[in-house]
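Dear colleague,

Please find below the structure that I am handing over to you. I would be grateful if you could look through it before reading my notes.

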Number of protein chains: 2
Amino acid sequence: MPLKSFEELYATADKLSSPVPVAAAGGADSTVIQALELARRRGWVKPILTGDLQAIRERADSLDVDISQFQLIEEEPDSARIAVKEVKEGRAQLLMKGQISTPYLMQAILDKEHGLRSGKTIGQIVLMEIAKDQRSFLMTDTGVTIDPSVKQKTELVESVVEVAQKLSCPNPRIALMSATEKVTAALPDTQVADEIVQLANQGEFGECIVQGPLSFDLAYAVDAGVKKGIDGDVTGAADAMIFPNLLAANLTVKGIMYTAACQFGGILCGTSSPVVFMSRADSVETRLNSLAYALHLL
Amino acid sequence: MPLKSFEELYATADKLSSPVPVAAAGGADSTVIQALELARRRGWVKPILTGDLQAIRERADSLDVDISQFQLIEEEPDSARIAVKEVKEGRAQLLMKGQISTPYLMQAILDKEHGLRSGKTIGQIVLMEIAKDQRSFLMTDTGVTIDPSVKQKTELVESVVEVAQKLSCPNPRIALMSATEKVTAALPDTQVADEIVQLANQGEFGECIVQGPLSFDLAYAVDAGVKKGIDGDVTGAADAMIFPNLLAANLTVKGIMYTAACQFGGILCGTSSPVVFMSRADSVETRLNSLAYALHLL
């Protein structure tokens, strides 16, 4: 079964019996305020904002958004730590990245005592939906771990399987991405892919099918598999793509985001609670997509 | 001035005074035969095919393509070397990759005595045109040099500047791609980008503007630069993207190819004659695009 579409994720969020409290770190951002207000009106969330309160109020005024239903937390020096604390202490169920740098937010998330560590590798998992092919897939790690070790990659596979299953895909097809489908010493990532496939064949990842190394065309397009004579259950049908490193993942996901007619949203995996996690340059729609996606993972 | 569009490249090729002889290595391929026949009818090329002649004839028959105007070279064991020889000895002006593996073709191209070495770094340069934004840009190296050194990257910049200028863009804006716009020791490719920008500032690359590191959004979208507060002549307007390594380049270019409404073509730079160079899984249209693009570089 394919992953849920954003339309389906919105429909499910619309049926929530009570709004979920969400703490946004760095709330003085137009798209954060607008997305949270849209989500609040649909009954999805109860927004909590941290950051420079005067800046937040001015931003909301300039957008003509009434934030009287938002909780604002008294300004303190570190808005990331305050937002994380709201989640850690149970007053919020989701953390949301706002106008704040990734390293700064990650420091708060990774804090041994007050953070949201779960012991597992943290990664960004983007849910990507391509309009022309009516096709959805997950991409990871697009934003956190620069050069994941084999162990870290296996944890990312575990996380992506879990996310796919929560998105109603019980037996996800996982592609280990590379520039080629051949295992070769010239591209060490192909050897790592092969190693992870062996682990999958030993049952390491439960209900899923893992194949790799696969180039993008083979993971995405049935035609390409036929033309190149490459078979396999994941060929042309990947529900999730695990990238060899952050550089390749980040450039690929942004390449698609900016050139294709698509919808997308992003979260962090490996944290004790889901984190709504997208780039500062993203739109209101993407933030709302990311919220619908994260709500589905609770 | 922006790069020429494929429509413009086709119009120019249509005006050629005499067809250009093209030697295709591995001609027993449907899309190779169909693209060369279309190009021949438009007066662009005089096709020369090497490979298994019986297989070529059978393939042409099955496609109902009359290849009586094609030159077929008597079967010998190595179709790549025969095609390269046609170019080396001046009987063809372009080499075209057909149904043949990249390493096998590269061996013939790189042969010290009989190959097409020019002494410069060889790389694939894809010309990408995105329909929705009416935007074209070059991407390199998407297919040959796995992990280019700083010196190899400077040669790729030189080649991409030359190609852009031949595509009517006299002062191209070159983006050095990464996952971030910050120079940081955690991502060594950002430091290499910084080094190349210094060389550009010293006038190393002639008429062009080089900026980096830049993430995909900053190289492509004006909005993203505004939102992230990043300025610069290349921001949102890159005519060419130089990628940190082949893995990132290959995954990004294929990600765009398969998900966006786009047109594209590919050639090799750094060889003594242009090489029409695309994946075995590509379509007739892409092969024709690549021919129009390569003809423009002669």
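This is a predicted model: local features need pLDDT of at least 70, side-chain atom pairs count only at pLDDT 80 or more; totals for chains, interfaces and linings use all residues.

Residues are numbered from 1 along each chain as its sequence is written, chains are lettered from A and ligands numbered from 1 in the order in which they are written, and side-chain values use heavy atoms, with hydrogens and water left out.

**Chain A and chain B**

In chain A, 40 residues are in contact (heavy atoms within 4.5 Å) with 40 residues of chain B. The buried area (the accessible area, with a 1.4 Å probe, that two parts lose on being put together, summed over both) is about 3300 Å², and carbon and sulfur atoms give 68% of it. Leu251(A), Tyr258(A) and Thr259(A) supply 21% of the area that chain A buries against chain B, more than any other three residues.

Two salt bridges (a side-chain nitrogen of Lys or Arg within 4 Å of a carboxyl oxygen of Asp or Glu) are counted between the two chains. Lys254(B) pairs with Asp217(A) at 3.5 Å, N to O, and Lys254(A) pairs with Asp217(B) at 3.5 Å, N to O. Because Lys254(A) lies in helix α10 of chain A and Asp217(B) in helix α8 (residues 216-220) of chain B, the latter pair joins two chains. Helices here are DSSP runs of H or I with at least four residues, and strands are runs of E with at least two, numbered from the N terminus. Lys254(A) is buried (under 20% relative accessible area, with exposed over 50% and partly exposed in between; 1.4 Å probe, protein chains only) at 8% relative accessibility, and Asp217(B) is buried at 0%.

**Helix α2 of chain A**

Helix α2 (residues 30-41) has 12 residues and reaches 17 Å from its first C-alpha to its last, close to the 16 Å expected (1.5 Å times one less than its number of residues). Its buried residues, among them Val32(A) and Leu36(A), pack against β1, β2, α3, β4 and α11 of chain A. Just after α2(A), Gly43(A) takes a positive phi of about 85°.

Glu37(A) is buried at 6% relative accessibility, whereas Arg40(A) is partly exposed at 24%.

Yours sincerely
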